Amino acid sequence: MSMDASPETPPQVISPRLTYRPLCQQDWPFYLAVSQDRTVMRYISDPRSADEIRTQSFDVRLPAWYRGCPHWLCLVIEEKTSGHPVGLCGFIDRGEDIAEVGFLLAAGAQGKGYGSESLRATIAFCFEQQHYRKMIATVTAGNVASRQTLLSAGFIQEGTLRQTFFLNGRWQDDWIFGLLKAEYRSASR
């Protein structure tokens, strides 16, 4: 997919064990189940009603994505062998050739390396096909698994934003990560 691809052109994100496709209406039951699983959402969101999840998170990720658009590219991650959805990944254009990445795995899919595999595929798509110069990620402090996934993919923890995210009844710190395209190139040789 080139930088001037139309919104109708589906993203071409690839990896060995997983397939990726844009989120669609039929994904609502999976999206809702993952979004209401407290073990999955522990560092991401307080409990929300189905209506809140639908209007604030799901519906806003359905429009076709194109570089520079104001919403997340949300991809459903599926196992190639079973075809079952195992998680979500994607990114949002933050301007200045920067993309913010995110990933979320269903509880049953965690611990299988799917987070790392999908993150590496998203990084390759952003740098090689979309020509971003930097990728960033924000993780709630304490989310050691996500931190380790980012570090293993080459991200560097650039800092901590103190008490910036209200979750679980108190203000939480956010860890900020970054990966430059030049660093990605050197790591992939």
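Read along the sequence, the protein chain follows the pattern β-α-α-α-β-β-β-α-β-α-β-β-α, which amounts to six helices and seven strands, where helices (H or I, at least four residues) and strands (E, at least two) are DSSP runs, numbered from the N terminus. The radius of gyration, taken over C-alpha atoms, is compared here with a globule rule of 2.2 Å times the number of residues to the power 0.38. For the protein chain this radius is 16 Å, close to the 16 Å that the rule gives for 189 residues, so the chain is as compact as a globular protein of that length. Along its principal axes, the C-alpha trace spans about 40 × 40 × 30 Å.

This is a predicted model, in which local features need pLDDT of at least 70 and side-chain atom pairs count only at pLDDT 80 or more, whereas totals for chains, interfaces and linings use all residues. Residues are numbered from 1 along each chain as its sequence is written, and side-chain values use heavy atoms, with hydrogens and water left out. The pLDDT, which is the predictor's confidence in each residue on a scale from 0 to 100, averages 93 over the protein chain, and 93% of the residues score at least 70. Over residues 1-6, however, the pLDDT is below 50, and this stretch has 14 contacts in the model beyond near neighbours in sequence, a contact being heavy atoms within 4.5 Å.

Of the contacts in the protein chain with a separation of 6 or more, 64% are between residues 24 or more positions apart. The accessible surface, computed by the Shrake-Rupley method with a 1.4 Å probe and, for residues, with only the protein chains shown as cover, comes to about 9,700 Å², of which 53% belongs to carbon and sulfur atoms. Of the 189 residues, 44% count as buried, where buried means under 20% relative accessible area, exposed over 50%, and partly exposed in between (1.4 Å probe, protein chains only).

In soluble globular proteins, nonpolar side chains tend to be buried together. Here the term nonpolar core stands for a set of buried Ala, Val, Leu, Ile, Met, Phe, Trp, Tyr and Cys residues joined through side-chain atoms within 4.5 Å. The largest such core has 34 residues, of which Tyr20, Phe91, Ile123, Leu150 and Phe155 touch the most other members. At least two residues of this core come from each of strand E1 (18-22), strand E2 (73-79), strand E3 (85-95), strand E4 (98-105), helix H4 (114-129), strand E5 (134-140) and strand E7 (170-180), and H4 gives the most, with eight residues. Leucine 150, when residues up to four places away in sequence are not counted, touches Val101, Phe103, Leu119, Ala137, Val139, Phe155 and Phe177.

Helix H1 (residues 28-35) is mostly covered, with six of its eight residues buried, namely Trp28, Phe30, Tyr31, Leu32, Val34 and Ser35. The cover over these buried residues of H1 includes helix H2 (38-41), helix H3 (50-58), E2, E3 and E4.

How many disulfides does the structure hold? With a disulfide taken as a pair of cysteine sulfur atoms within 2.5 Å, the structure holds zero. The sulfur of cysteine 89 is 7.8 Å from the closest cysteine sulfur, in cysteine 74, and is therefore too far for a bond. Cysteine 126 is likewise in no disulfide, the nearest cysteine sulfur, that of cysteine 89, being 9.6 Å away. Both residues lie inside the protein by the accessibility criterion, since cysteine 89 is buried at 3% relative accessibility and cysteine 126 is buried at 0%.

Most residues other than glycine have a negative phi. Glutamine 163, however, has a positive phi near 45 degrees; this glutamine lies in strand E6 (residues 156-167) and is exposed, with a relative accessible area of 54%. Asparagine 168, in the loop between E6 and E7, also has a positive phi, of about 55 degrees, and is partly exposed at 46% relative accessibility. Threonine 160 is found in strand E6 and is partly exposed, with a relative accessible area of 41%. Not counting residues up to four places away in sequence, threonine 160 touches Asp173, Asp174 and Trp175, while its C-alpha is 9.4 Å from that of threonine 138, 22 residues apart in sequence.
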